[in-house]
Amino acid sequence: MKKRRLGSSDLYVSELSLGCMSLAPELGNENEKIVKTALDHGINYFDTADLYGFGWNEEFIGKTLKDVRQDIILATKGGNDWSQPGDGWKWNPSKTYIKSALKDSLKRLQTDYIDLYQLHGGTIDDPLDETIEAFDELVSEGYIRYYGISSIRPNTIKYFAEHSNIQSIMMQYSLLDRRPEELFPFLASKDISVIARGPVAKGWLSEKAFQKSADGKFLHYTGTDIQKRIKKSKDVLGDKNITHAALQYVLQQKPVATAAAGASSVEQLLENIKTFESTPLSEAESESLRSLFPAEIYETHRA
């Protein structure tokens with residue numbers, strides 16, 4: 001599988017990566033099969049977070065990947081404080097908490113460094129300079145190699161892009177959510193990569209969309225509307241699978257380094273991997289898809 005450079009770093013990530021949030025205890029042995037299948041097909045970027053399963057996800061990834069640690073790029077996220085008793089969590093981007101949370105993640109992941117550590121959210125009202133200082137210190141101390149943020153807020157993204165050494169922004173991005181595209185020229189000018197999460201929009205951009213309830217929703221789209229648009233896309237794409245087209249579209253965009261797609265079965269992961277056996281989208285096909293799935297703009301978090 002081809003790899004792309006993440007920002008200006010020396011990390012080269014596979015075009016398709018594994019978003020680990022979909023891994024869960026109830027999947028049993030399928031979890032390990034999914035991760036091993038990803039490795040077997042050249043996926044080298046694995047993205048987890050301390051909040052996923054309140055530590056379970058990191059523990060599983062650490063145990064499963066410890067023998068290939070030097071061959072992969074391991075990413076996790078922090079900033080959601082669930083250290084207090086109970087099932088809830090609170091947002092805590094303070095320097096003290098970020099540095100403490102990272103060290104807890106290292107233990108769960110059974111490693112002494114993280115390739116990419118990401119702030120798991122955030123707003124413009126946070127103590128951003130303090131958070132950035134925490135990340136910079138973690139780099140200088142050798143605990144993380146690089147850092148980024150997971151955010152969809154234009155104002156927060158622009159602040160980090162202009163005041164820190166972030167290499168990447170993880171953003172929800174797919175044909176059904178093209179809002180990030182307005183930020184792409186700016187991010188490209190800063191040499192900051194996009195890690196696209198949800199590139200198949202929770203399965204709405206797949207043949208399984210027709211098994212979903214017509215009353216369902218994704219952003220402003222109704223299930224019925226999505227199904228109609230996918231049917232129309234077949235006139236453009238012919239025999240091409242909508243999942244493959246959706247992933248190819250995301251990966252065509254210049255700042256996108258990797259499509260971080262989740263998988264809850266080996267079958268689902270293999271379907272995503274087949275994208276790279278499919279004929280690439282032509283510019284005419286891409287333009288038709290843009291017409292079928294028009295972009296919106298972020299209406300909040302701009303200033």
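Author: A residue counts as exposed when its relative accessible area is over 50%, as buried when that area is under 20%, and as partly exposed in between. Please keep in mind throughout that the model is predicted.

Reader: Is P280 buried or exposed?

Author: P280 is found in the loop between α9 and α10 (283-292). Its relative accessibility is 61%, and the cut-off for this class is over 50%, so P280 counts as exposed.

Reader: Which residues is P280 in contact with, leaving aside its neighbours within four places in sequence?

Author: Contact here means heavy atoms within 4.5 Å. Leaving aside the neighbours within four places in sequence, the residues in contact with P280 are K240, Q248 and E285.

Reader: How far apart in space are P280 and Y146?

Author: In sequence, P280 and Y146 are 134 residues apart. Taken from C-alpha to C-alpha, the separation of P280 and Y146 in space is 31 Å.

Reader: Which residues have the most contacts inside the largest nonpolar core?

Author: In soluble globular proteins, nonpolar side chains tend to be buried together. Here the largest nonpolar core has 76 residues, and its largest share, 7 residues, comes from helix α8 (residues 242-252). Apart from this core lies another one of 11 residues, among them L11, I73, A75 and A260. Inside the largest core, the residues with the most contacts are F46, I61, Y117, L176 and L187.

Reader: Why is helix α2 described as largely enclosed by the rest of the structure?

Author: In helix α2 (residues 56-65), the buried residues are N57, E58, F60, I61, G62, T64 and L65. What covers these buried residues includes α1, β4 (45-47), β5 (73-78) and α3 (95-109). Helix α2 is therefore called largely enclosed on the basis of its buried residues, which number 7 of 10.

Reader: At roughly what angle do the axes of α1 and α9 cross?

Author: Two packed helices are described by the angle between their axes and the distance between the axes. For helix α1 (residues 30-40) and helix α9 (residues 266-273), the axes come within 9 Å and cross at roughly 20 degrees. Since angles under 35 degrees count as roughly parallel, this makes the arrangement of α1 and α9 roughly parallel. The crossing is right-handed, and the angle is roughly 20 degrees.

Reader: How many nonpolar residues does the contact of α1 with α9 have?

Author: The contact is made by E30, K33, I34, T37 and A38 of α1, together with V266, L269 and L270 of α9. By class, this contact has 2 charged residues, 1 polar residue and, as the number asked for, 5 nonpolar residues.

Reader: Is the crossing of α4 and α5 left-handed or right-handed?

Author: The axes of α4 and helix α5 (residues 154-163) come within 11 Å and cross at roughly 50 degrees, which makes α4 oblique to α5. The handedness of the crossing of α4 and α5 is right-handed.

Reader: Which residues of α5 make the contact with α4?

Author: From α4, the contact is made by L128, D129, T131 and I132. The residues of this contact divide into 4 nonpolar, 2 polar and 1 charged. On the side of α5, they are Y159, F160 and H163.

Reader: What is the relative accessible area of T131?

Author: T131 is found in helix α4 (residues 128-140), and, not counting residues up to four places away in sequence, T131 touches P93, L119 and F160. T131 is buried, with a relative accessible area of 0%.

Notes. Residues are numbered from 1 along each chain as its sequence is written. This is a predicted model: local features need pLDDT of at least 70, side-chain atom pairs count only at pLDDT 80 or more; totals for chains, interfaces and linings use all residues. Side-chain values use heavy atoms; hydrogens and water are left out. Axes are lines fitted to C-alpha atoms, for helices over the stretch in contact, and angles run from 0 to 180 degrees between N-to-C directions. Helices (H or I, at least four residues) and strands (E, at least two) are DSSP runs, numbered from the N terminus. Angles under 35 degrees count as roughly parallel, over 145 as roughly antiparallel, 65 to 115 as roughly perpendicular and the rest as oblique. A crossing is left-handed if the near helix is turned anticlockwise from the far one by less than a right angle, and right-handed if clockwise. Ala, Val, Leu, Ile, Met, Phe, Trp, Tyr, Cys and Pro count as nonpolar, Asp, Glu, Lys and Arg as charged, and the others, Gly among them, as polar. A nonpolar core is a set of buried Ala, Val, Leu, Ile, Met, Phe, Trp, Tyr and Cys residues joined through side-chain atoms within 4.5 Å. Buried means under 20% relative accessible area, exposed over 50%, partly exposed in between (1.4 Å probe, protein chains only).
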